[in-house]
Every structure is written in structure tokens, then in C-alpha cells.
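Subject: Structure handover, helix packing

Hello,

Here is the structure I said I would pass on.

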Amino acid sequence: MNTQTERAGPISVVIVEDDGPTRQRIADGLSDASAFSVLQAGTLSEARQVLRSGYPDVLLTDLQLPDGHGMDLIRDVRQHSQTTEILVISILGDEESVISAILLGANGYLLKDALLTDIADTVRDLMRGHSPISASIARFIVKRTQGVKDPVVATDLNTAKLTAREIDILWGIAKGFSYADIADYLGISRQTVPGYIKNIYRKLEVNTRGEAVFEALQQGLIKL
């Protein structure tokens, strides 16, 4: 696999999907060996093993894997490669999953129920700098953006009056860390994290992690 921005050979692709028929369907769409070099993995551990040989031009990954979560893979890849294009293909279409994946570094997000009729063109689009997103997801992102009262006024004045600790925890949420990860990183009791998060939701007037991250970014409370 090649991590250079410009390649002389085929586009290297790693497919991470635990459902065999779905994985094969994607691979079949990339069967032109002159255009694509494809490796496959069915679990998080298999994907990490594949990536030990280098990071691909494109990573196509599911989120729900038998031995872990695709978010962990996205985080790992993005920490080591800024050039890999990452496309999530998942049945999960909730705000938290979508926003978390994008914040962690995914370049696109497609739902499986609208799985690509031409995966080859989608991969080429990714390499051209496009961001494929399912229509239903694009709509709620637009609605969330239009719902911001005045994005131009986004500042770091902390009008929500979050404490320094709450902002630290909010940053951990934005990075996709688990409650246990956040507690260990900050050196606090794991039992106290839900209480902090409840206060964050109340102060930001939100109900989900995705909404909390969105509002925090709009208000300038955290930067990624």
C-alpha cells in the first residue's frame, strides 16, 4: 500500500466489514486490478493486522464489528495517516454515530440500505476530494447547521458556563473516547463521568453526545 499523495499504480483499498456477502459485494465492485488493489478484513483485529503493512489510499469501514468499534479504527488510521480517505458504510444513521465519525476523521458516510450502485466511482470521488454522504444524513446535517442561531457569533466566551473539567470531558466525547477512557485520561473516577455529562447536556440544552459536540464546536468551547 502506498501512503503518498500521488500514486503511479492502482488505488489501494482496505475493506473492513464483518458480513461476508456485503464485503464481497464491495470487493466485486473494485475487481479491476489495474485500477484497484484491495485487501479485506472482517474484524477490528484483522484490520489492524492488515494495516501493519501500511496505510491505504482508501479505507471503507463498517462501525459495528465483532471485536470492537469502527470508530477506534478511524481514530487509529487518522492518527497515523492524514492522506488516507475514510468512508464509513454502516446501518447506523443516528447523529451521534455520524458526527463522531466525521469528527474523528471520516471523509464520507453512507448507509448500507442505500449501498452504492457503483463503489468504484465512489472511491474515485473520494480520491478527488469529494465527501460522499447519504441523502438522509446530509439533510439532518443541513438542518442542524440551519438551526444555529448565529454561527458568526461563535466565540470562546463560554456562555454556557461550563467548568474547565466539563470542557475537558466534552473534548473527550468529541474525540469518541469511552467514559472509561475519559476518566482514565483525566484521572477521575469513572462513576463521576455520567454526572458531568448530564450537567453538560443541561447547560448546552442538548440531549445527545452528537448534539453536545456540535454545539460545543459552534460556540467555540472546544477545538479539534
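Angles between axes of 65 to 115 degrees count as roughly perpendicular, and angles under 35 degrees as roughly parallel. Please keep in mind that this is a predicted model. Two packed helices are described by the angle between their axes and the distance between the axes.

H7 and H10

Helix H7 covers residues 164-174 and helix H10 covers residues 209-218. The two pack at an angle of about 115°, and their axes lie 10 Å apart. H7 and H10 are therefore roughly perpendicular to each other. The crossing of H7 past H10 is left-handed. On the H7 side, the residues in contact are Leu 170, Ile 173 and Ala 174. They meet Arg 209, Ala 212, Val 213 and Ala 216 of H10. Sorted by class, this contact of H7 with H10 holds six nonpolar residues, one charged residue and no polar ones.

H3 and H4

Helix H3 (residues 70-80) and helix H4 (residues 95-104) cross at roughly 15°, with axes that come within 9 Å. H3 and H4 are therefore roughly parallel to each other. H3 passes H4 in a crossing that is right-handed. H3 contributes Met 71, Ile 74, Arg 75 and Arg 78 to the contact, while H4 contributes Ser 97, Ser 100, Ala 101 and Leu 104. By class, the contact of H3 with H4 is made up of four nonpolar, two polar and two charged residues.

Regards

Key
Residues numbered from 1 in each chain as written. Predicted model: local features only at pLDDT ≥ 70, side-chain atom pairs only at ≥ 80, totals over all residues. Heavy atoms only, no water. Axes fitted to C-alpha atoms, helices over the stretch in contact; angles between N-to-C directions. Helix = DSSP H or I, 4+ residues; strand = E, 2+ residues; numbered from the N terminus. Parallel < 35°, antiparallel > 145°, perpendicular 65-115°, else oblique. Left-handed = near helix turned anticlockwise from the far one by under 90°. Contact = heavy atoms within 4.5 Å. Nonpolar A, V, L, I, M, F, W, Y, C, P; charged D, E, K, R; others polar.
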